[in-house]
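This report examines one protein model, beginning with a single side chain and its surroundings and then widening to the whole fold.

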Amino acid sequence: MSRLTVMIVAVVVLAVGCTRGEAVNEPTMTQAQALARVEQLIKETSDVINPNPRLDLYRPSLNVNGCLDPTDGGSEDRVVISRSYYLRDIPKDQVGEVARQVKQHWERQGYYIETVSKDGLAVFGHSQPDDFLLSIGPTGDNDVLNLGVTSPCVWPNGTPEPSSDT
């Protein structure tokens, strides 16, 4: 299994279990709002990177994923929205510096840093106060970084669907 695959699986697993005490059947942002926030977090992060990367969309991240096995006890009818991009045009000798820049940016934003790999190339955190999962990490031979953001579980239309048993 490639590092990117492992990283994406880790992001999805963490995302579905990252809610922190939210009311599970309360309204959430919509799927469209979650996507807009994901893209905003990607843009804000990539804008601080020097040298400027070319964002190359990781196409499988376009899929909307179910909120499987939610640890908050909420409905599996909710979804998580993710996007992941390769950061192209960064010289291999600057990959570590770019990961450091991203971590510092997230810290300046007041985001919670969950984990940093020993080599500093992989960083996982959560945006505050909306708890989107943030990740940056190497792919392949550590020569390309991948930047990803995953929403918490949201109702597709922002509210639970009416129950058919009422």
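## Surroundings of Arg83

Leaving aside residues up to four places away in sequence, Arg83 touches Leu35, Val38, Glu39, Ile42, Leu57, Ser61, Leu62, Leu147, Gly148 and Val149, where contact means heavy atoms within 4.5 Å. Arg83 lies in strand S4; helices (H or I, at least four residues) and strands (E, at least two) are DSSP runs, numbered from the N terminus. At 11% relative accessibility, Arg83 counts as buried, the cut-offs being under 20% relative accessible area for buried, over 50% for exposed and partly exposed in between, with a 1.4 Å probe and protein chains only. A polar atom of the Arg83 side chain lies 3.1 Å from the backbone oxygen of Ser61.

The model is predicted: local features need pLDDT of at least 70 and side-chain atom pairs count only at pLDDT 80 or more, whereas totals for chains, interfaces and linings use all residues. Residues are numbered from 1 along each chain as its sequence is written, and side-chain values use heavy atoms, with hydrogens and water left out.

## The aromatic pair

A search of the whole structure finds one aromatic pair. Tyr58 and Tyr86 form this pair in an edge-to-face arrangement, 5.7 Å centre to centre with 90° between the planes. Rings of Phe, Tyr and Trp (its six-membered ring) pair if their centres lie within 6.5 Å; planes under 30 degrees apart count as stacked, over 60 as edge-to-face and the rest as tilted. Tyr58 lies in the loop between strand S1 (54-57) and strand S2 (65-66) and Tyr86 in strand S4, so the pair ties together parts that are 28 residues apart in sequence. Both Tyr58 and Tyr86 are buried.

## Helix H3

Helix H3 spans residues 95-108, and its buried residues are Val95, Val98, Ala99, Gln101, Val102, His105 and Trp106. They cover an arc of only 155° around the axis, which puts them on the same side of H3; the arc is that of the directions from the helix axis to the C-beta atoms. These buried residues pack against helix H2 (31-47) and strands S4 (82-88), S5 (112-116), S6 (123-126), S7 (133-139) and S8 (144-150). Just after H3, Gly110 takes a positive phi of about 85°.

## Overall organisation

The protein has three helices and eight strands, in the order α-α-β-β-β-β-α-β-β-β-β from the N terminus on. Of its 166 residues, 43% count as buried. Among contacts between residues at least 6 apart in sequence, 68% join residues at least 24 apart.

Terms used:
Expected span 1.5 Å × (residues − 1). Polar contact = N/O pair within 3.5 Å; in protein donor to acceptor, adjacent residues only side chain to side chain.
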